[in-house]
Amino acid sequence: MHLAPDYGFLEILDENGAPVQPGEEGYFVWTGFLNDAMPLIRYRIGDRGRWEDRDPCACGRAFPLVVPTITRESDILRCPDGRLFSARALNQLLKQATSFRWCQFVHDRPNHVVVRAVARAAFHNEHRAGDLMQIRSDLQNLLGASMRVTAEFASAPVTRRGGKIPLIVNEVATP
Ligand SMILES: [Zn+2]
């Protein structure tokens, strides 16, 4: 996406309020130029993303490129301590698992995530179970002791409208 600098000024900042490097993910902090009556100044809306370091863009526009990675609509794992994990980050855990057709992370209670896998028929049980336990353990290490991770096999993935199969299924109400 291109930034439209006439309408607002965007900063992408890390946890400490420092600007991130191109390609690095951070928080969107907006200053709006459109509303004089109630100006938004350095307003953190909860979305995250990164600068795309690519120029010039093929479409011909010279405005900066931004890639939103977590928006309010997207599936996201929100830990009770405030840490956020995007689908992109969690997808890394699945790289080694060859015996799954689908694997999803179901955040069903504030402190609990289920690794929910649908196995491919062609693989042996030990192989599938090994993949499942590995992902469970990797996710547990990533999330830390404040979250509990369990794992289970399912016969079909959780789907959304339009047949979309999300990597993160968020069933916990967000404040
Ligand atoms: Zn473009």
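**Notebook: salt bridges and a zinc site**

I counted five salt bridges here, taking a salt bridge as a side-chain nitrogen of Lys or Arg within 4 Å of a carboxyl oxygen of Asp or Glu. I kept in mind that this is a predicted model, where local features need pLDDT of at least 70, side-chain atom pairs count only at pLDDT 80 or more, and totals for chains, interfaces and linings use all residues. Residues are numbered from 1 along each chain as its sequence is written, and side-chain values use heavy atoms, with hydrogens and water left out.

**Entry on Arg 42**

I looked up Arg 42 and found its side chain in a salt bridge with Glu 11, at 2.8 Å from N to O. The pair sits 31 residues apart, with Arg 42 in the loop between strands S2 (26–32) and S3, and Glu 11 in strand S1 (strands are DSSP runs of E, at least two residues, numbered from the N terminus). Glu 11 counts as buried because its relative accessibility is 18%, where buried means under 20% relative accessible area, exposed over 50%, and partly exposed in between (1.4 Å probe, protein chains only). Arg 42, at 48%, is partly exposed.

**Entry on Arg 83**

I then checked Arg 83, which meets Asp 81 in a salt bridge at 3.1 Å, N to O.

**Entry on the zinc ion**

Which residues hold the zinc ion? I found His 2 (NE2), Cys 57 (SG) and Cys 59 (SG), at 1.9 to 2.2 Å. Donors are N, O and S atoms within 2.8 Å of the metal (3.2 Å for Na, K and Ca); water is not among the atoms, so sites may look incomplete. I noted the donor spacing H-x54-C-x1-C along the chain.

Note on methods: Helix = DSSP H or I, 4+ residues; strand = E, 2+ residues; numbered from the N terminus.
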